[in-house]
Every structure is written in structure tokens, then in C-alpha cells.
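Here are some notes to read alongside the structure, for someone meeting it for the first time. Keep the viewer open and follow the points in order.

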Amino acid sequence: MIGKMFDVPRRLPAGMAALFTLAVVIVFSAMTGSTMQPLPASAPGGQFSAARALVHLKEFAAEPRPVGSRASHRARDYLAGQLRAAGLRVEIQRSVGARSAAGLATFGQVDNIVGRLPGTDPTGTVLIAAHYDSAAMGPGASDDGAAVAAMIETVRALRAGAGLRNDIVLLMSDGEEDGVLGAEAFVRQHPLGRKGGVLLNWEARGVSGPSLMFETSRNNARLVETFVNAVPAPRGDSSMVELYRLLPNNTDFTPLTKAGFTGMNFAYIERSSLYHTAGDSIANLDHGSLQHHGTNMLALARSLGDADLQTLSSGHDVTYFRALGSMITYSGLLVWPLAGLTVLAVAGLALLARVRRLLSLPRLLWAVVSAVVPLVVSVVLAQGLWELLVAWRPAYDLMGGLLHSPRPFQAAIAVLSALAVLGWYLTLRRRLGPAALSVGALAWLAGLGVLCARVAPGASFLFALPALLCALGWLAAVLLPALAWVRLAVAMLGPVMAATLLPSLAGNVFDGMGLALGGVGALVLALLGLSVLPVVEVFLPDTGIAPSRVAVCAVPLTAVVLSSGLVGVGLWVDTFDAGQPRRTHLAYVMDADARTAHWVSADTDPAQWTRRYVSGYDPAALPEGYARGRLRTGPAPVIAAGGPRAAVLAHTRDTLELHVTAGKGARSVMLRLDRPVTQVTAAAGRFGSVSVPVTGTRVGTWPAEIRFRGIPSRGVRLTVRMPDAERVRLTVVSETDGLSVVPGFVPRPSGLVAATREDGDLVAVTRGYTLTSDSPAP
């Protein structure tokens with residue numbers, strides 16, 4: 001009971017036509033998912049112009065502007081001035097923002113810019129949000145300067161037209177990079193933050209690519225409807241929404257929606273190797289991405305600005321995705337019926353094949369079970385490739401898999417995934433039969449459709465629709481008394497749908513997660529391979545004909561040669577230079593008590609420039625409690641710096657109250673304690689106070705850590721609760737941006753940039769304390 005579903009004459013031309021069709025679909029889908037052409041400054045006043053937005057971006061995004069820095073204050077003043085000049089009511093919300101993580105409490109003095117454009121007859125508030133601070137390692141032209149500049153240009157375009165019905169509020173938040181501190185303070189303290197409304201949040205995780213709507217609040221049906229109808233080039237799909245909900249990542253969108261806002265979150269994610277580095281610059285920004293951001297922002301501001309916001313509530317999510325250039329949406333209420341229909345269609349196909357004696361139940365069961373092999377093998381091969389790349393080029397490790405020119409490596413992963421699928425299929429084809437293997441592969445897709453319907457409904461379409469169309473297409477191809485080419489065309493419905501959806505998903509996974517998690521993209525590509533097995537079968541003769549030894553060896557040999565060649569091309573094109581810089585971590589640490597200083601680096605294979613500062617591993621040379629993870633060290637000159645101070649205000653068995661100052665010129669302070677803490681309260685005078693609970697402990701260092709970014713010159717008051725505070729070891733670290741104050745420091749050459757680790761490119765001055773409940777600190 002082994003056989004084909006159906007056969008076609010002239011297999012090679014038919015198979016090549018099928019492959020060509022799939023290639024056209026993949027290329028067309030990629031082209032229609034691209035970004036927009038930027039408009040010049042001469043564009044009509046009612047349109048968004050990337051060129052006009054760039055004028056503003058150049059005024060504030062030419063240098064890093066972390067929270068509390070002078071560059072941040074200059075950006076704040078410029079942006080607030082532009083909003084006032086546009087006629088908005090503007091205020092600066094000065095507050096203390098806070099967040100907690102495992103063993104960590106982070107605080108920051110934030111200056112949120114809040115601008116308001118009153119509506120003519122408001123039904124609610126439309127909040128447009130982006131953050132104007134940047135990571136300390138780069139100017140943040142994309143993350144998130146482009147969105148902030150787009151807000152100014154959007155306001156100009158809105159003011160050029162008739163007044164809108166609803167209130168438009170612009171939130172340019174501070175401190176997002178240190179833990180969404182500004183957004184947290186906005187919803188906790190500002191009246192507009194507690195009022196709620198419809199939120200449009202804008203972000204970036206790269207410097208190019210289309211503006212993707214990657215996250216929504218729950219029950220998004222009316223929001224997605226507005227998005228699809230309002231913007232001229234909608235991009236993104238509901239699988240991104242589901243994936244992001246499962247990840248621990250967050251943006252300003254998270255605290256705002258937790259506070260009651262409903263809304264949508266947008267970002268572009270391509271060329272993510274420059275994310276949070278000096279390469280996130282105006283020179284590297286794709287103007288088309290800025291145009292897409294701004295065009296969507298303006299269109300949604302107008303649509304929501306004139307809508308009855310009270311009617312935007314819904315009781316369910318929707319599934320939405322692009323297929324062949326069109327946006328398709330359907331109610332989340334249909335997810336389970338479609339998943340169930342897919343299972344029935346696959347079962348019906350299996351039954352038909354059984355009736356026609358093309359498979360047996362034991363063979364089908366073996367096919368289903370064995371189909372896990374190509375999925376696992378593809379993941380293992382992809383992760384193994386990454387380990388080989390890191391072994392060959394250790395500097396890749398600091399990039400987290402986000403390489404400058406990853407396409408050849410991604411193509412190599414695609415070839416390895418194809419090898420896994422073909423190796424499984426060709427090995428078992430004569431033993432189990434093509435019908436059993438094809439149906440067994442569809443069973444996995446159908447099963448994933450059901451699984452997603454349970455845990456991530458918006459992603460179910462990725463697997464259910466290809467499996468459903470594959471099953472229905474094969475049923476029609478077997479049952480229809482039609483010409484062979486017609487039957488082949490019908491059988492291609494499922495593979496075409498898979499080629500429409502799954503390569504796009506794999507691309508987004510590669511762009512967002514990088515090659516360090518390349519196994520995820522490989523898994524998606526292997527699922528694509530399982531769904532296009534009918535195309536593979538077109539090329540093959542009847543199962544009774546044994547393949548030649550040459551043919552058996554040709555597939556793995558070709559795959560190995562091709563993947564090896566692609567890896568070689570990748571290593572050749574992905575070299576480090578000024579345009580594709582290598583990352584390196586370096587910091588200066590001085591023990592103010594011992595008056596000793598050292599350079600430190602977390603690099604496993606330091607660049608030549610870094611080796612001039614660090615040599616071996618000597619953790620004993622570093623101040624107690626400073627190190628996090630394994631650090632290289634090297635001697636450094638002592639500088640004239642007063643360093644931080646911690647004065648004990650009160651000390652009981654479970655509470656420690658301190659007044660902490662960072663010292664002249666320091667932007668931030670960090671405290672590490674050798675005891676876990678349960679709650680921390682920070683008070684910064686007129687900027688207010690805030691408390692956060694803390695659970696868990698830090699990894700690779702002392703159990704508890706407290707940070708205060710943008711610390712006032714007069715210091716802060718910290719109240720720390722811990723189960724056992726009678727005797728505590730405390731290390732206080734003041735942090736100043738940049739290393740140029742250290743005598744003998746030579747700036748990085750053009751081919752190197754600071755790594756994204758948060759303790760890099762800092763002058764850290766430490767003081768240690770032993771605190772007991774009956775003995776105040778010195």
C-alpha cells in the first residue's frame with residue numbers, strides 16, 4: 001500500500017514550473033512587503049515628508065542622549081520648543097520613574113514632554129507616543145529619534161488641515177532605554193496618563209525596513225479595522241502580536257496599556273546589527289522607513305482623531321496578514337473552526353488515500369512520528385552553524401546573532417533545512433510511500449494550527465491555512481477528472497499559501513532574533529519544506545523504481561557544497577570595517593577606597609585596540625561586588641574623582657535607609673548589596689518618590705542591585721527593605737559616560753564601536769561599606 005496521489009507526464013518541466021511559481025510568490029510577497037518612497041521637502045503641506053522630518057532629527061539626534069545627560073536636556077528643550085511653536089499646549093513632567101526585575105530596582109529622574117492639541121468635540125484622547133532618550137552607546141537616530149521627529153512633522157501636517165474632533169496628546173517620553181521609566185511615571189502621576197484613550201506607540205529595532213504593526217492591546221478587532229482602512233501601506237500580521245505577547249520584551253506600550261490605554265505598537269526591524277550602537281545614526285537611517293513611520297502616524301492620527309473613540313471597543317481579536325499584496329483579516333472567532341476544518345480536511349485526505357490503497361494506517365502513523373526528525377535536525381543544524389561561526393569568528397558572540405550581512409548565512413540555513421526535509425523524505429519514500437509522508441507532514445502543520453489556536457490564536461493561520469489548502473488541493477487533484485496540469489495547479493494551492501506566509505515569518509524571525517536563535521527560523525523553513533512536498537514529488541519517478549547511487553549521493557553532497565559555499569561568502573562579505581563595525585566592551589573602574597584603578601572588558605576575544613587595556617582575568621583586582629560575569633582586567637591610572645557617598649540615615653533589622661550621592665559629573669549611581677531585597681523606595685526631593693517590590697536575585701554578581709539614572713546633584717534617599725539587614729556589604733558605584741577623562745586613553749578606531757552591555761564606556765568609581773544595625777557607615 002504505497003503510491004502517489006497522482007502523477008503527471010513530463011515531470012521535469014512540470015516540477016520546474018511549480019518551483020518557478022513558488023519562487024515568484026516568495027519574491028512578490030517580499031516586494032509587496034517593502035517600505036515606502038520618501039517624500040521631499042516640497043511635498044504638499046497636508047502630506048508627511050521624510051525630508052522635513054529629517055530637518056528636526058538632525059537637530060537633536062546627532063549624539064547619544066541617555067536619561068539625565070546634557071544632550072538629553074538639549075533635546076528636551078528643542079522638542080518642547082517645536083511643539084510650542086506648532087501651537088500645542090506643552091508641559092514638562094518632571095518625575096521619578098521606576099521598574100523592577102529579578103533582584104533589580106531601577107529608578108530615574110525623567111523629563112517627559114507632553115503636548116496637547118485640543119479637539120473640537122472630543123469623544124476621548126488619541127495618545128501618540130515615542131521616547132526621545134537614546135541608549136548611551138549611540139545617537140539613537142532610529143531608536144527612537146525617527147519617531148519623535150515624525151511626531152513633529154505629523155503635528156505640522158495636522159495643523160495644516162481642519163481641526164480634529166478628538167484630543168491629540170503627544171508623549172515624548174524619557175528614560176525608556178533604562179526600563180520604560182518615563183512611561184511608568186506618566187501613567188502613575190500625570191492626569192492624562194490615568195485618563196486612558198487610544199495609543200499609537202512608535203519604536204525601532206534596526207535602521208531600515210517597513211513600519212510593522214507588531215503589537216496591539218487585547219480585543220483588537222476595531223483597532224485593526226481602523227489600521228487596515230486608514231493607512232496606505234499596512235504592514236505586519238497578527239502572529240507578531242502573539243509572539244511579542246509571549247516574549248519578556250517591553251516598550252512604553254507595556255505600561256501604557258496596563259494603565260488602561262488600548263492601542264497599536266509600530267517598529268521597523270531590519271539591519272538590527274546597528275541597534276543600540278553608534279551605527280544607529282542619521283547616516284544609516286533608511287529614509288523610506290521614516291516615511292513609512294510618519295505616513296502611518298499621520299493617517300491614523302487623522303482617522304482616530306475624527307472617529308467616535310467610544311465605538312472602538314471590541315470583544316475579540318482578529319487575525320490579519322498580507323497575502324499577495326493584500327491585507328486579509330478575519331475574526332478571532334473563526335480561528336478554532338478553521339483549525340478544526342483543517343484537521344478534518346487532513347483526515348479526509350488520509351481516508352481517501354487509504355481507500356485508494358495509497359497508504360496504510362501503520363505507515364501513516366510512522367510518517368507522522370518520523371516527521372519530527374527533519375524539524376529537529378534543521379534546528380540542530382542551524383544552531384550548530386552558529387556555534388561554528390562563533391568559534392571561527394569569536395567577535396560574533398558580542399553581536400548576539402545580529403550580523404551586518406546575514407543573508408548568506410540565512411541562505412545556508414535554508415539549504416540545511418531543505419537537506420533535513422529532503423533527507424527524511426527520500427530516505428523513507430520507498431518504505432512508507434509518498435502519500436503517507438505527505439499526509440504525515442500535513443498532520444504536523446494541522447497540529448500546530450490547533451496548538452496555536454489554543455496558546456496564540458493570531459498565529460494559527462500560519463500553519464492552518466497552508467495545511468487546509470494543501471489537503472483540499474490534494475483531495476481535488478485526486479478526485480477531479482481533469483487534465484494533469486489542472487490537477488497540478490489545484491495541488492499547488494497549499495504550497496503557494498505556504499510560500500506566501502512562511503518565508504516572511506522566517507525573515508522577521510531572522511531580523512528580530514538573529515542567528516544566535518537561527519534554529520527558530522530554520523524550524524519555520526523546515527515547516528515550509530513539509531508543506532511543499534507535493535512539488536518535490538512531481539520530480540520523482542514511481543516508487544517501484546530504485547534511485548541510482550549517484551542520485552542518492554547528489555542531494556546531501558549538493559546541500560553540503562552549497563551551504564559551505566554560502567558560509568564562505570558570508571564570512572567574506574560580513575567583514576568588520578568602518579561601515580560594518582565590530583563591537584567591543586571596555587570600562588574604567590576605580591576603587592576610591594584603595595585608590596587603585598583597572599580597565600575591564602567582557603570580551604572573550606578582545607580586539608587589538610581592547611588588548612592594549614586588558615590582558616588576563618584577575619577578578620581579585622576589582623572592587624568587591626562590582627563584577628558581573630567573567631571580566632578581563634588590566635591596570636589603569638588613578639584619576640581625580642571624589643566618587644559616590646552613602647550615608648546611613650536609619651538601620652534596623654529589616655530596613656536600611658541611605659542618602660546616596662554620585663559625585664561631581666556622574667550621571668548615574670548603582671548600588672550592589674550582598675543580601676536579597678524585597679522593596680526599594682527612592683525619593684528625589686521635588687521630583688517625588690516611588691516604591692517598587694523586588695523579587696528574585698541577580699545572576700553573576702551580588703544578589704541585589706539598585707540603579708538611579710540621571711541622579712540629582714543633591715543625591716537621593718533610598719529606603720531598602722530586606723529580610724536580614726543586620727549586617728550588609730554594600731558597594732556604591734558612580735557612573736560617568738565616556739572614557740576620555742582617563743589619562744592615556746586612545747579613542748576607538750573607526751572599525752570598532754561600543755558593545756551594547758550597559759556597563760561599557762563608563763568611568764565607574766566605587767566605594768565599599770560594611771553596615772551593621774548598630775554601626776553607621778563611615
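1. A pocket, as the word is used here, is an open set of grid points with protein on both sides within 12 Å along at least five of seven lines, and its lining residues have an atom within 4 Å of a point. Bear in mind too that this is a predicted model.

2. Let's start with the largest pocket. Its volume is about 1,700 Å³, and 50 residues line it. If you want to find its centre, look for Arg205, Asn249, Asn250, Tyr275 and His276, which lie nearest to that centre.

3. Which elements give two or more residues to this lining? They are strands E1 (89-101), E2 (104-117), E5 (198-204), E6 (212-216), E19 (704-709) and E21 (727-737), along with helices H8 (238-246) and H18 (493-513). H18 provides the largest share, with five residues. By residue type, the lining of the largest pocket splits into 24 nonpolar, eleven polar and 15 charged.

4. Asn250, one of the residues nearest the pocket centre, is worth a look of its own. You'll find Asn250 in the loop between H8 and helix H9 (253-258). Leaving out residues up to four places away in sequence, Asn250 touches Glu176, Val180 and Tyr244.

5. Now step back into H8 itself. Its buried residues are Ser238, Ser239, Met240, Val241, Glu242 and Tyr244. The cover over them includes E6, strand E8 (318-323), helix H15 (434-455), H16 and H18.

6. Next, the interior. In soluble globular proteins, nonpolar side chains tend to be buried together. Here the largest nonpolar core has 88 residues, and Leu389, Tyr396, Trp424 and Leu502 have the most contacts inside it. Helix H16 (residues 461-479) gives this core its largest share, eleven residues. Setting aside neighbours within four places in sequence, Leu502 is in contact with Leu462, Phe463, Val524, Leu527 and Leu528. There is also a second, separate core of 64 residues, with Leu54, Phe60, Tyr78 and Val148 among them.

7. Strand E12 (residues 596-601) has a partner on either side of this description. Strand E11 (residues 587-591) runs antiparallel to E12 and is joined to it by five bridges, with Tyr588 partnered by Trp599 in E12. Four residues lie between the strands in the E11 and E12 hairpin, where Arg595 takes a positive phi near 55°. E12 also pairs with strand E13 (residues 632-635), antiparallel again, over four bridges; His598 stands opposite Pro635 there. Why is E12 described as largely enclosed by the rest of the structure? Because five of its six residues are buried.

8. Last, have a look at strand E17 (residues 679-683). E17 pairs with strand E18 (residues 689-693) in the antiparallel sense over five bridges, and Ala682 sits opposite Val690 in E18. The hairpin of E17 and E18 has five residues between the strands, and Gly685 takes a positive phi near 60° in it. E17 is also joined by five bridges to strand E20 (residues 716-721), and the two run antiparallel. In that pairing, Thr681 stands opposite Thr719 in E20.

Notes
Residues are numbered from 1 along each chain as its sequence is written. This is a predicted model: local features need pLDDT of at least 70, side-chain atom pairs count only at pLDDT 80 or more; totals for chains, interfaces and linings use all residues. Side-chain values use heavy atoms; hydrogens and water are left out. On a 1 Å grid over the protein atoms alone, a cavity is a set of points where a 1.4 Å probe fits but cannot get out, and a pocket is an open set with protein on both sides within 12 Å along at least five of seven lines; lining residues have an atom within 4 Å of a point. Grid points are joined across faces, edges and corners, and a volume is the space filled by probe spheres set on the points. Ala, Val, Leu, Ile, Met, Phe, Trp, Tyr, Cys and Pro count as nonpolar, Asp, Glu, Lys and Arg as charged, and the others, Gly among them, as polar. A nonpolar core is a set of buried Ala, Val, Leu, Ile, Met, Phe, Trp, Tyr and Cys residues joined through side-chain atoms within 4.5 Å. Buried means under 20% relative accessible area, exposed over 50%, partly exposed in between (1.4 Å probe, protein chains only). Contact means heavy atoms within 4.5 Å. Two strands pair if DSSP finds at least two bridges between them.
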